[in-house]
Number of protein chains: 2
Amino acid sequence: MKPYSEYLQRINTAIEQANYGQYPDELYAPIRYMMSLGGKRLRPILTLMACDLFGSDSEKAVPAALAVEVFHNFTLVHDDIMDNAPLRRGKETVYKKWNMPVAILAGDLMMIKATDFLCETDTPRLKELITLFNTTAREVCEGQQIDMNFETQNQVKHEEYIHMITLKTAVLLGAALKLGALVAGASDSDAEHIYEFGKNTGIAFQIQDDILDSFGDGSLTGKKVGGDIAANKKTLLLIELLESVHKDDKKVLDELLKMPDSDEKIQGVLALYTKYQIREFAELKKQTYFNLALKNLSKIQAKPESKQVLESMAINLMERLS
Amino acid sequence: MKPYSEYLQRINTAIEQANYGQYPDELYAPIRYMMSLGGKRLRPILTLMACDLFGSDSEKAVPAALAVEVFHNFTLVHDDIMDNAPLRRGKETVYKKWNMPVAILAGDLMMIKATDFLCETDTPRLKELITLFNTTAREVCEGQQIDMNFETQNQVKHEEYIHMITLKTAVLLGAALKLGALVAGASDSDAEHIYEFGKNTGIAFQIQDDILDSFGDGSLTGKKVGGDIAANKKTLLLIELLESVHKDDKKVLDELLKMPDSDEKIQGVLALYTKYQIREFAELKKQTYFNLALKNLSKIQAKPESKQVLESMAINLMERLS
């Protein structure tokens, strides 16, 4: 297992050198732009790491890693249209920099290219790779739709929320790892354990995202604190608060939810979060999924020092401040 | 080779029985709706026919045929957003019946499902199928972007137009046939010939579309005659007219192009089409590509009576009135 920075460099080179296509430039320039915006490149790095973990050469997993990253960016390009989002990683979104039709088409092509890259993998298990990739892609779309449904849904249950983030965020982390494992020729049970490890880490990762949005340091996250509160977003925190509040506070909360975005609204909801120990609740949930992830990891047959690297990375993701 | 109606029935049953997914219904209802709108089902039927042509059982090609039709409908769902189109086959478009985010996501999922269906094909040549399918998908997206570019492009050359319709329309007809041929185990050269046959027929098919838009019978096409003229769409007819007009008529034409949609505008351009024999020019071009298609067909090693069925169908497509 190599250090994160080395994997990052490898995947960035692959992204830079990838041939997405040339003509018409109106279609390919947005794709190159989107792929060059950077980021942690977490998902493709998981693919490379998993390949090394199971004793193979991560170089073999580069096409699959590229497929995962291109797919992830395809979802971002389309999500930004749906969310009418002006910025992505501090730069204009494809949708804003070009226009809606270009963003739809460029996204479509990225999805197609992702499958192309996946098919470049030199493996006798290609069909397994494609099936996993496609199932995951479908689940990510389902998760996005369920998340949109939440906006108009009166009540959202904990399990529904966990199911939504599992589909929208967590399965892709699991699949990224499993793809690397399959390329390395891991056993079916190891491939399954690492998928579950990634999925449960992903759920914890998303809960940390919710916590950071309300309790993070805006100077570190680069986002306005309380953005989810301002938008009445049904995060795990708000769902739990809605279930916990006593009668009197319920009235206060209902009033706050009706308010437009303001400091008063954000501070009001934060005060209720504190009163009902919502952060503590979310931290506990996060820990529960992280513990599940550790259990999955413990079942994997691989070098302990390599597994340790994955564990440390998961801890970093879960405790991250940004 | 069976009669068209039998293939149509088979593909409609497959479409009806296909499992696109269940939850959330907000995502899958639009997909089922779109797939149930009907149509000629030309592309999947080509896949089935090609499989029979090469002596196999078209039943084996049903998953690939389904993939082609789901893919084609995915492009329509996204095109309708880009074109802000209210109607599709006389019914509300997904985009209008639901909304834009749902239409984007439902389209994305249809693209993913198309690959899923393709992978269900029982064939040792699956990788060839996927590569062909993905290359074609990419080309269709490129064609759509080039078509959008034409809207703001001052001058479009004949070759550019033919290249655009080749990508946007014709390659999918070629690929639909070639997929069926590959499933049937056709030789590489036969697979290539039938691809070219489909592609050239597709170009002729699209030119016929342009002709019908200006010279068709609205009561048969179900479209307003002159829709392309009203929208200044750079069809083969307008491109040829722009290259042919003499100086004085050029001024008249420029004025007509500046006019908003009106009978005066449509009749004015039609008069110039007549004066410069533009319809005759288009018919000739169409015939050129149809002759190429026949040449391709003649090279295929298959039963003459089966090839005759394909030829008759191509003639019908080219001479169709709607």
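**Where the copies meet**

Mentor: The two copies meet through the same surface, because 100% of the interface residues of chain B are also interface residues in chain A. Keep in mind that this is a predicted model.

Start with the contact itself. Chain B contributes 32 residues, and chain A contributes 32 residues. On the side of chain B that touches chain A, the elements giving two or more residues are helix 2 (25–35), helix 4 (62–82), helix 6 (100–119) and helix 7 (126–152) of chain B. Helix 7 of chain B gives the most, with 14 residues.

Next, the symmetry. In general, two copies of a chain are related by a rotation about an axis and a shift along it. Here, a rotation of 180° with 0.0 Å of shift along its axis superposes chain B on chain A, with an RMSD of 0.0 Å. That is the relation of a two-fold axis.

Val102(B) sits in helix 6 of chain B. Is Val102(B) buried or exposed? Val102(B) is buried, because 20 other C-beta atoms lie within 10 Å, and the cut-off for a buried residue is 20 or more. Leaving aside neighbours within four places in sequence, Val102(B) is in contact with Glu26(B) and Pro30(B). Val102(B) and Leu37(B) are 65 residues apart in sequence, and their C-alpha atoms are 18 Å apart in space.

The loops on either side of helix 2 of chain B deserve a look too. Pro24(B) lies in the loop between helix 1 (4–17) and helix 2 of chain B. A cis peptide bond joins Tyr23(B) and Pro24(B), with omega about 0°. Chain A has a cis peptide bond between Tyr23(A) and Pro24(A), again with omega about 0°. Pro24(A) lies in the loop between helix 1 (4–17) and helix 2 (25–35) of chain A. Arg41(B) is in the loop between helix 2 and helix 3 (42–53) of chain B. Its phi is positive, about 55°, although Arg41(B) is not a glycine. Arg41(B) is buried, with 22 other C-beta atoms within 10 Å. Why flag such residues and bonds? Most residues other than glycine have a negative phi, and most peptide bonds are trans.

Asn232(A) also has a positive phi, near 55°, and is not a glycine. Asn232(A) is in the loop between helix 11 (227–230) and helix 12 (236–244) of chain A. Asn232(A) is partly exposed, with 16 other C-beta atoms within 10 Å.

Now the core. The largest nonpolar core has 192 residues. The members that touch the most other members are Ala50(A), Ala67(A), Ala106(A), Ala50(B), Ala67(B) and Ala106(B). Take Ala106(A) as an example. Beyond its neighbours within four places in sequence, Ala106(A) is in contact with Leu27(A), Pro30(A), Ile31(A), Val77(A) and Val94(A).

Then step back to chain A as a whole. Chain A has 16 helices and 2 strands. The radius of gyration of chain A is 20 Å, close to the 20 Å that the globule rule gives for 322 residues, so chain A is as compact as a globular protein of that length. The C-alpha atoms of chain A fill a box of roughly 65 × 50 × 30 Å along the principal axes. Buried residues make up 48% of the 322 residues. Among the contacts in chain A with a separation of 6 or more, 73% are between residues 24 or more positions apart.

The domain assignment gives domain 1 (1–186) and domain 2 (187–322). Their C-alpha centres lie 22 Å apart. In this contact, 26 residues of domain 1 of chain A meet 22 residues of domain 2 of chain A. On the domain 1 side, helix 3 (42–53) and helix 8 (158–184) of chain A are the elements that give two or more residues. Helix 8 of chain A has the largest share, 16 residues. The residues of that side divide into 21 nonpolar, 4 polar and 1 charged.

Terms used. Residues numbered from 1 in each chain as written. Chains lettered and ligands numbered in written order. Predicted model: local features only at pLDDT ≥ 70, side-chain atom pairs only at ≥ 80, totals over all residues. Core = buried A, V, L, I, M, F, W, Y, C linked by C-beta atoms within 7 Å. Buried ≥ 20, exposed ≤ 12 C-beta atoms within 10 Å, placed from the backbone. Contact = placed C-beta atoms within 7 Å. Helix = DSSP H or I, 4+ residues; strand = E, 2+ residues; numbered from the N terminus. Domains from an automatic or database assignment. Nonpolar A, V, L, I, M, F, W, Y, C, P; charged D, E, K, R; others polar. Least-squares fit on C-alpha atoms with pLDDT ≥ 70 in both. Rg over C-alpha atoms; globule rule 2.2 N^0.38 Å.
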